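Dear colleague,

I am passing on the structure below for you to look over when you have time.

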Amino acid sequence: MPIPVKLPRTFAQQLQQESGPQVGAWISSGSPVAAEIVASAGFDWLLVDGEHSPYSLETVTDLLRATDAYGATRVVRVPVGDTALIKQYLDLGAQNLMVPMVDTAEQAREAVAAMHYPPRGVRGVGAALARSSRWNAVEDYLQNASELVSLTIQLESATAVDNAAEIAAVDGVDQLFIGPSDLAASMGVLGQQTHPDVLDAVSRAMKACQDAGKPVGVNAFNLEQAQAYLDAGASFVLVGADVQLLAGAARGLADKFVK
């Protein structure tokens with residue numbers, strides 16, 4: 001008989017159960033060592049970024065394994081909201097997926113369908129062969145699969161902000177995450193994440209999500225801005241990345257000693 005396995009709570013469950021906002025960091029290097037170091041730092045959650053990082057499916061699996069022991073919830077961002085790709089990410093054991101660049105409620109519904117087995121969705125059935133069920137060591141995985149996964153939808157454009165209320169209302173969208181960098185680009189102010197128009201758009205999107213009763217988060221490497229988002233009621237934020245922290249520390253040390 002296999003050893004029974006109980007999977008961790010989902011990101012949606014964490015946001016429901018914890019009283020305060022959840023603070024996280026990006027895992028962007030692809031290094032299991034760097035990921036493990038960041039996981040051991042005490043963050044509430046980690047974003048394993050499959051969109052802008054050089055990750056294969058094997059890389060994502062290695063990063064999940066490297067960070068398993070530390071208690072931080074791992075959210076894995078897929079590069080695109082593709083049904084087949086979402087199936088593969090779920091089967092490799094990613095419980096919490098983030099889908100980027102969602103502009104409409106219809107795109108959100110397609111992402112929801114990809115997360116769930118029929119009749120709720122269209123996820124292909126292969127869990128007995130996959131890490132998602134720990135190769136059938138998770139009891140009644142198929143019957144309980146919908147409770148073992150969560151979906152974060154990203155709002156990253158002016159169109160998404162306009163449609164935020166409709167996107168947030170989609171059943172199966174558990175939480176939403178605003179990306180000010182791409183939002184700024186879509187608004188014609190590339191690289192200006194704290195432009196007043198961008199801040200206003202973020203505020204409007206946050207309110208639409210909160211009015212729909214959904215947790216909403218924001219990415220902000222500017223720590224003052226991150227605190228401002230938390231003060232405005234953000235349920236979760238990202239405040240740094242493994243590559244950013246390494247680059248900043250290495251350059252600071254070189255500036256101090258290399259003449």
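Lining the second largest pocket are 20 residues, and those nearest its centre are A12, Q16, V149, S150 and D174. Two or more residues of this lining are given by each of α1 (11-17) and β5 (150-155), with α1 providing the largest share at 3 residues. In this predicted model, the volume of the second largest pocket comes to about 280 Å³, and its lining divides into 6 nonpolar, 9 polar and 5 charged residues.

The largest pocket has a volume of about 410 Å³, and of the 23 residues that line it, W26, S181, Q193, N219 and F221 lie nearest the centre. Here α9 (180-186) and α11 (223-231) each contribute at least two lining residues, and it is α9 that gives the most, with 3 residues. By class, the lining of the largest pocket comprises 8 nonpolar, 10 polar and 5 charged residues.

A search of the whole structure for cavities of 30 Å³ or more finds 1, and the largest cavity holds about 40 Å³ of space. Its lining is made up of L7, L90, G93, A94, Q95, S132, Y141, L148 and V149, which by class are 6 nonpolar and 3 polar residues, with no charged residue.

As for annotation, an unreviewed UniProt entry places the feature "domain: HpcH/HpaI aldolase/citrate lyase" at residues 22-247. That span is 40% helix and 18% strand, and its end C-alpha atoms lie 25 Å apart.

With best wishes

How values were computed. Residues are numbered from 1 along each chain as its sequence is written. This is a predicted model: local features need pLDDT of at least 70, side-chain atom pairs count only at pLDDT 80 or more; totals for chains, interfaces and linings use all residues. Side-chain values use heavy atoms; hydrogens and water are left out. On a 1 Å grid over the protein atoms alone, a cavity is a set of points where a 1.4 Å probe fits but cannot get out, and a pocket is an open set with protein on both sides within 12 Å along at least five of seven lines; lining residues have an atom within 4 Å of a point. Grid points are joined across faces, edges and corners, and a volume is the space filled by probe spheres set on the points. Ala, Val, Leu, Ile, Met, Phe, Trp, Tyr, Cys and Pro count as nonpolar, Asp, Glu, Lys and Arg as charged, and the others, Gly among them, as polar. UniProt positions are given in the numbering used here, feature names are shortened, and annotations may be inferred rather than shown by experiment. Helices (H or I, at least four residues) and strands (E, at least two) are DSSP runs, numbered from the N terminus.
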